[in-house]
Structures are given as structure tokens and as C-alpha cells.
Amino acid sequence: QVQLVESGGGLVQAGGSLRLSCAASGSIFRINAMGWYRQAPGKQRELVAGISSGGSTNYVNSVKGRFTISRDNAKNTVYLQMNSLKPEDTAVYYCNAATTDVAGLFYNYWGQGTQVTVSS
């Protein structure tokens, strides 16, 4: 089992910045892709940003140029730097990790979510 613990959410004014962190712990053999998703009230969960084990990144169009995803493989941690925040970025942000165990089986884990609220 792998646990993902997120931190860094909060309330910020439009134009401000927040940095989310997600640390993985537990029975970790290999972490493959990691990502951040978000879900706003009444909307489906969407992928905000993803990063491969090699560092390749992808972003949803609405955050390109404002958000940056990064990871520290030594610490099993993924980050999301969010700049120029907009009210429409308000959502619960979830960390996701795709892992492989020693037997070669794939698993997908989620964090508990952290609230990001951007006031106008």
C-alpha cells in the first residue's frame, strides 16, 4: 500500500500563488507517473498536470503558463506551483500516483484532496 499526503492548499486572492505538495510513503517499489487533478463543485474531476518518471510534463490548456509541476524522486514527492491564480481555479486538488510493485503489478493511488479557494 502507498499513501499520498497532500499539503499547501488554502485561500488566496486572485493573482496570488500557492504551492501544493504531495508526499508518497509506504510500500514503494517504483512510482511511475504522478499528477494533480482537481474537482470543482458540480464538475467532473479533471487532470490539471502530469509528470512522468523521466520528468516529461503535460498540462490542461487552462493552466499552461501559470502552473508548474515538478517532482523530487528521492523524496517521492510531487509539487504543483500555481501562479496567477484565478477564481475558476477554485477546486479540491487531488494528487495521483501510478506505481509498480516488485511483482510488476500496476496500481493507482489518490490523496485525500486539498482545498484551493481563489477569491476575486
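A search of the whole structure finds 1 disulfide, a term that stands for a pair of cysteine sulfur atoms within 2.5 Å. The partners are cysteine 22 and cysteine 95, whose sulfur atoms are 2.1 Å apart. Because cysteine 22 belongs to strand S3 (residues 18–26) and cysteine 95 to strand S9 (residues 91–100), the pair ties together parts that are 73 residues apart in sequence. Strands (E, at least two residues) and helices (H or I, at least four) are DSSP runs numbered from the N terminus. The link of cysteine 22 and cysteine 95 is left-handed, with -80° about the S-S bond. Both cysteine 22 and cysteine 95 are buried, where buried means under 20% relative accessible area, exposed over 50%, and partly exposed in between (1.4 Å probe, protein chains only).

This is a predicted model, in which local features need pLDDT of at least 70 and side-chain atom pairs count only at pLDDT 80 or more, while totals for chains, interfaces and linings use all residues. Residues are numbered from 1 along each chain as its sequence is written, and side-chain values use heavy atoms, with hydrogens and water left out.

How many aromatic pairs does the count come to? The count comes to 2 aromatic pairs, under a rule by which rings of Phe, Tyr and Trp (its six-membered ring) pair if their centres lie within 6.5 Å, with planes under 30 degrees apart counted as stacked, over 60 as edge-to-face and the rest as tilted. The rings of tyrosine 37 and tryptophan 110 have centres 4.9 Å apart and planes at 65°, so this pair is edge-to-face. It links distant parts of the chain, since tyrosine 37 is in strand S4 (residues 30–39) and tryptophan 110 in strand S10 (residues 106–110), 73 residues apart. The other pair, tyrosine 107 and tyrosine 109, is stacked because the ring centres are 6.2 Å apart and the planes are at 25°.

| Residue | Relative accessible area | Class |
|---|---|---|
| Tyrosine 37 | 23% | partly exposed |
| Tryptophan 110 | 36% | partly exposed |
| Tyrosine 107 | 36% | partly exposed |
| Tyrosine 109 | 14% | buried |

Arginine 45 lies over the face of tryptophan 110, at 4.7 Å from the ring centre, and also over the face of tyrosine 94, at 3.7 Å from the ring centre. A charge sits over a ring if NZ of Lys or CZ of Arg is within 6 Å of the ring centre and within 35 degrees of the ring normal.

Turning to the backbone, most residues other than glycine have a negative phi. Asparagine 76, in the loop between strand S7 (67–72) and strand S8 (77–82), has a positive phi near 50° and is partly exposed at 25% relative accessibility. Serine 84, in the loop between S8 and S9, likewise has a positive phi near 50°, and at 40% relative accessibility serine 84 counts as partly exposed.

The chain as a whole has 0 helices and 11 strands. Its radius of gyration, taken over C-alpha atoms, is 14 Å, close to the 14 Å that the globule rule gives for 120 residues, so the chain is as compact as a globular protein of that length; the rule is 2.2 Å times the number of residues to the power 0.38. Of the 120 residues, 38% count as buried.
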